[in-house]
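Please consult the sequence and the model while reading.

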Amino acid sequence: MSKPDIHADDYALTMNTSRDMLECMREGRLDSISIVPNMCCFEKCMELLYGAIPNLPFLPLLSVHLDFVEGRSLAGRDKTPDLTKPGSDLMGLGWSGLFAASYLPHKRKKVKAQLKCEIKAQLAKVQEAIKKCMEIAAGSGVPCGQKGLRIDSHQHAHMIPVVWEAVLEVVREEGYTLEYIRNSKELLGIFMTDVSLYKTYRPVNFVKNRILAFYSHRADRFCKANGMKQMYLWGLVMSGRMDRERIERLYGKMRRRAERDGRTLEILFHPGLTLPEEVTPEIAAEAAEDFYMRQDRHVEKEAVLGVQW
């Protein structure tokens with residue numbers, strides 16, 4: 001059976017998040033990572049990565065972690081007034097606002113145009129940094145399998161219809177070679193095969209799983225039409241606590257199902273911990289308290305470092 005893609009989101013969310021992820025990279029435990037474009041610590045976090053690359057066993061594949069729910073607008077509030085908070089360049093529309101805009105004809109066209117401005121800015125910023133990473137890796141003899149643009153997003157917002165359309169239009173208009181776009185399609189049935197685990201899952205994560213599954217068919221069709229291998233994601237129902245014990249109990253079933261269906265299995269972790277002093281207005285206070293600062297992130301880091309794939 002083929003090895004899964006061990007992936008970590010949120011590089012450049014904060015400095016400490018990035019340091020934790022770098023520890024996993026130095027151990028060769030991450031096949032790919034996602035880079036947040038629009039936090040004030042972006043440049044400092046990238047300098048950390050640039051300096052670490054010559055001593056890495058390999059450079060993980062690097063994705064642009066598009067962010068429309070936190071951070072700041074890189075296009076500027078003049079170009080993204082409906083995406084940002086009033087009088088500020090902080091992102092403010094949120095997941096629910098993007099979702100609603102997909103189904104409100106009077107808002108959809110305007111919001112999509114603003115999203116395209118923001119997507120162009122975020123892709124350009126991270127792709128420039130990724131190009132530098134690849135150059136450092138090549139100059140240092142560090143293996144790197146990156147070929148083209150890779151895209152995912154914070155809170156899987158790219159799966160929302162109006163965002164999905166905006167992303168693909170920008171990719172086409174800017175002439176990017178797209179080698180990967182995350183399909184947040186997770187196999188719900190496998191979580192139901194072990195009764196003893198039922199109470200360990202957060203009910204809200206089942207809701208996320210179903211919403212994203214509904215929109216996953218569009219991503220499947222796109223990948224098939226463009227010669228990209230289809231995938232399953234593992235990291236929604238267990239989001240916030242991808243711990244070693246439950247992973248090892250379900251891993252064989254997940255991997256066999258992906259193999260049977262001819263899909264890549266991407267196992268998604270958030271192994272970076274945010275420190276209290278790193279919480280700025282760019283980060284949603286509720287998300288910081290409920291997720292980014294919880295010790296569950298160290299549980300996920302321990303799983304990345306400890307599970308034998």
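## A salt bridge at Arg 249

Arg 249 has a relative accessible area of 36% and is therefore partly exposed; buried means under 20% relative accessible area, exposed over 50%, and partly exposed in between, with a 1.4 Å probe and protein chains only. Arg 249 forms a salt bridge with Asp 194, with 2.9 Å between the closest N and O atoms. The pair joins distant parts of the chain, 55 residues apart: Arg 249 belongs to helix H8 (residues 244-260), and Asp 194 to the loop between helix H6 (188-191) and helix H7 (203-225). Asp 194 counts as buried because its relative accessibility is 16%.

The term salt bridge denotes a side-chain nitrogen of Lys or Arg within 4 Å of a carboxyl oxygen of Asp or Glu. Helices (H or I, at least four residues) and strands (E, at least two) are DSSP runs, numbered from the N terminus.

## Basis of the model

The model is predicted: local features need pLDDT of at least 70 and side-chain atom pairs count only at pLDDT 80 or more, while totals for chains, interfaces and linings use all residues. Residues are numbered from 1 along each chain as its sequence is written, and side-chain values use heavy atoms, with hydrogens and water left out.

## Further salt bridges

Side chains of opposite charge can pair when their charged atoms come close. The whole structure contains 30 salt bridges. One of them joins the side chains of Asp 31 and Lys 3 at 2.7 Å, N to O. Here too distant parts of the chain are linked, 28 residues apart: Asp 31 is in the loop between helix H1 (15-26) and strand S2 (32-35), and Lys 3 is in the segment before strand S1 (5-11). Asp 31 is partly exposed because its relative accessibility is 23%, and Lys 3 is partly exposed at 46%.

In another pair, the closest N and O atoms of Asp 82 and Lys 110 are 3.9 Å apart. Asp 82 lies in the loop between strand S3 (61-66) and H3, whereas Lys 110 lies in helix H4. A network of salt bridges links several residues, among them Arg 108, Lys 112, Glu 165, Glu 169 and Arg 218.

## Helices H4 and H5

Two packed helices are described by the angle between their axes and the distance between the axes. The axes of helix H4 (residues 105-140) and helix H5 (residues 161-174) come within 9 Å and cross at roughly 50°. Axes are lines fitted to C-alpha atoms, for helices over the stretch in contact, and angles run from 0 to 180 degrees between N-to-C directions. H4 and H5 are therefore oblique to each other; angles under 35 degrees count as roughly parallel, over 145 as roughly antiparallel, 65 to 115 as roughly perpendicular and the rest as oblique.

## Positive phi values

Most residues other than glycine have a negative phi. Asp 10, which is not a glycine, has a positive phi of about 85°. Asp 10 lies in strand S1 and counts as buried because its relative accessibility is 1%.

His 156 also has a positive phi, near 60°. His 156 is located in the loop between strand S4 (149-153) and H5, and its relative accessible area of 11% is why His 156 counts as buried.
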